[in-house]
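Dear colleague,

I am handing over the structure below for your records. My findings follow directly after it.

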Amino acid sequence: MSRYRGPRFKKIRRLGALPGLTNKKPSDIRDLQNKSRSVKKSQYRIRLEEKQKLRFHYGLTERQLINYIRIAGKAKGSTGEVLLQLLEMRLDNILFRLGMASTIPAARQLVNHRHILVNDRIVNIPSYRCKPRDIITPKDKQKYVGDLFQNYREELPNHLTIHPAPYKGLVNKIIDTKSVGLKINELLVVEYYSRQT
């Protein structure tokens, strides 16, 4: 299954707020709350919706998410926390969290079009895993700096810093799971995949 390119509000109405998918807000708050339908959700549906929320927020395919689950399962520590750390340290997500792009798909496009340097080297792979002390800069500072930093956020997560004068972002450390930008129960995602295998 390929990356989702369909209507984004449809997914937001179904799953709730997904800040990485779109920066537009629905005009009607009732769309997000889904209180009008009093349908009892099964345990399977609850886990499936948490998995879909994670998938659509980060813009992953099903196969990519399964690979991240496998990597997180082999690492030390809680599988759910390691999974969120892996997803948050992707280059496209780091650009989104720094404010260099308004959404994660926009950040993917910047990376694919070779507009981003990591440690003074062009990186064109959106799933590139950033490490502590990585420096992220735009390739052509004069041309893109106004566009890239228009989404600059005052409140940055504690694992990132941005320097507007030399136009660079810095990854300080591995993200703490408390500062993840998506409200999600990662244990339900791990349970969903443990039942599938």
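In what follows, a contact, or one residue touching another, means heavy atoms within 4.5 Å. By this rule L54 touches L65, L83, L84, L87, L182, I184 and V189, leaving aside residues up to four places away in sequence.

Please note that this is a predicted model, in which local features need pLDDT of at least 70 and side-chain atom pairs count only at pLDDT 80 or more, while totals for chains, interfaces and linings use all residues. Residues are numbered from 1 along each chain as its sequence is written, and side-chain values use heavy atoms, with hydrogens and water left out.

The core. L54 also belongs to the largest nonpolar core, which has 43 residues; L54, Y58, L83, L91, I94, L95 and I136 are the members that touch the most others. Such a core is a set of buried Ala, Val, Leu, Ile, Met, Phe, Trp, Tyr and Cys residues joined through side-chain atoms within 4.5 Å. Buried means under 20% relative accessible area, exposed over 50%, and partly exposed in between (1.4 Å probe, protein chains only). At least two residues of this core come from each of α3 (43–58), α4 (62–74), α5 (79–88), α6, α7 (104–112), β1, β4 and α9 (186–196). Helices (H or I, at least four residues) and strands (E, at least two) are DSSP runs, numbered from the N terminus. Domain 1 (8–27 + 41–86 + 182–194) and domain 2 (90–178) each give at least three residues to this core; the bounds come from an automatic or database domain assignment.

The sheet. Five strands form an open sheet in the order β2-β1-β3-β5-β4, with antiparallel pairing. β2 (121–122) and β4 (160–163) are at the edges with a single partner strand each, so one side of each has no neighbour in the sheet. Two strands pair if DSSP finds at least two bridges between them. Three bridges link β1 (residues 116–118) to β3 (residues 135–138) in the antiparallel sense; within β3, T137 is the bridge partner of L117 and I136 that of V118. Two bridges join β3 to the antiparallel β5, where G169 is the bridge partner of I136. Helix α6 (residues 91–98) lies across β1, β3, β4 and β5 (168–171), at about 60° to β4. Axes are lines fitted to C-alpha atoms, for helices over the stretch in contact, and angles run from 0 to 180 degrees between N-to-C directions.

A buried arginine. R90 sits in the loop between α5 and α6. With 1% relative accessibility, R90 counts as buried. Among the residues it touches are L60, Q64, Y68 and R108.

The aromatic residues. The structure holds two aromatic pairs. Y44 and Y192 make a tilted pair, 5.9 Å centre to centre with 40° between the planes. Because Y44 lies in helix α3 and Y192 in helix α9, this pair ties together parts 148 residues apart in sequence. Y192 and Y193 form an edge-to-face pair, 5.2 Å centre to centre with 85° between the planes. Rings of Phe, Tyr and Trp (its six-membered ring) pair if their centres lie within 6.5 Å; planes under 30 degrees apart count as stacked, over 60 as edge-to-face and the rest as tilted. Y44, Y192 and Y193 form one aromatic cluster.

Yours sincerely
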